Amino acid sequence: MRTTRTKSHAKKNQPISTGRQLVEFSQVKGKTLQSVEFSTSAEVHTITLRFRDKTEMVFDLEPGFTVFPTYADWKTGDWRPIKRWGALRSRIFRE
């Protein structure tokens, strides 16, 4: 719900915060993917993007997540799902 501010407190052109954080990785822009790997174990959780030029980008993840992978087509300008996989949950090592 959005509240109305009085003119004395309003700021013009101030974006509304959504809590979302967006980070772009310009170093990999235009590179061709060779493979994508998701790995989870008791100690390490990673997403690895391997490129044809023998470089890779690795995302190390903290425990306690669920990934919902979807492969989609944007060729028409609209999102069209091609394949959806089941939820991938991180594993917790318990003694």
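**Entry 1: the whole chain**

I started with burial: of the 95 residues in the chain, buried ones make up 11%. I kept in mind that this is a predicted model. Next I looked up the surface, and the chain exposes about 9200 Å², with carbon and sulfur atoms supplying 51% of that. Then I checked contacts with a separation of 6 or more, and residues 24 or more positions apart account for 18% of them.

How many helices and strands are there in the chain? I found zero helices and seven strands. Reading along the sequence, I wrote the pattern down as β-β-β-β-β-β-β.

**Entry 2: S1 and S2**

I went to strand S1, residues 33-40, and strand S2, residues 45-51. They pair in the antiparallel sense, and I noted seven bridges. The two strands form a hairpin, with four residues between them.

**Entry 3: aromatic rings**

I searched the whole structure for aromatic pairs and got one. Is that pair stacked or edge-to-face? The rings belong to Phe-25 and Phe-59, their centres are 5.5 Å apart and their planes sit at 80 degrees, so I put it down as edge-to-face. The cut-off I needed here is that planes over 60 degrees apart count as edge-to-face.

Where are these two residues? Phe-25 is in the segment before S1 and Phe-59 is in strand S3 (residues 56-60), so the pair ties together parts that are 34 residues apart in sequence. Phe-25 is partly exposed, at a relative accessible area of 34%. Phe-59 is partly exposed too, at 28%.

**Entry 4**

Strand S5 covers residues 70-73 and strand S6 covers residues 80-84; they pair in the antiparallel sense over four bridges. Which residue in S6 is the bridge partner of Thr-70? I found Arg-84. This hairpin has six residues between the strands, and in it Gly-77 takes a positive phi near 95 degrees.

Tyr-71, Ile-82 and Trp-85 make one of about 340 Å². Tyr-71 is found in S5, and my note on its cover says partly exposed, with a relative accessible area of 49%. The cut-off matters for that label: exposed means over 50%, so Tyr-71 at 49% stays in the partly exposed group.

Terms used. Residues numbered from 1 in each chain as written. Predicted model: local features only at pLDDT ≥ 70, side-chain atom pairs only at ≥ 80, totals over all residues. Heavy atoms only, no water. Pairing = 2+ DSSP bridges. Phe/Tyr/Trp six-rings, centres within 6.5 Å; stacked < 30°, edge-to-face > 60°. Buried < 20%, exposed > 50% of the residue type's maximum accessible area, 1.4 Å probe, protein only. Patch = residues over 30% accessible without salt bridge, like charges linked within 9 Å, V, L, I, M, F, W, Y side chains within 5 Å. Areas by Shrake-Rupley, 256 points an atom, 1.4 Å probe, with all protein chains shown as cover. Salt bridge = Lys/Arg side-chain N within 4 Å of Asp/Glu carboxyl O. Contact = heavy atoms within 4.5 Å.
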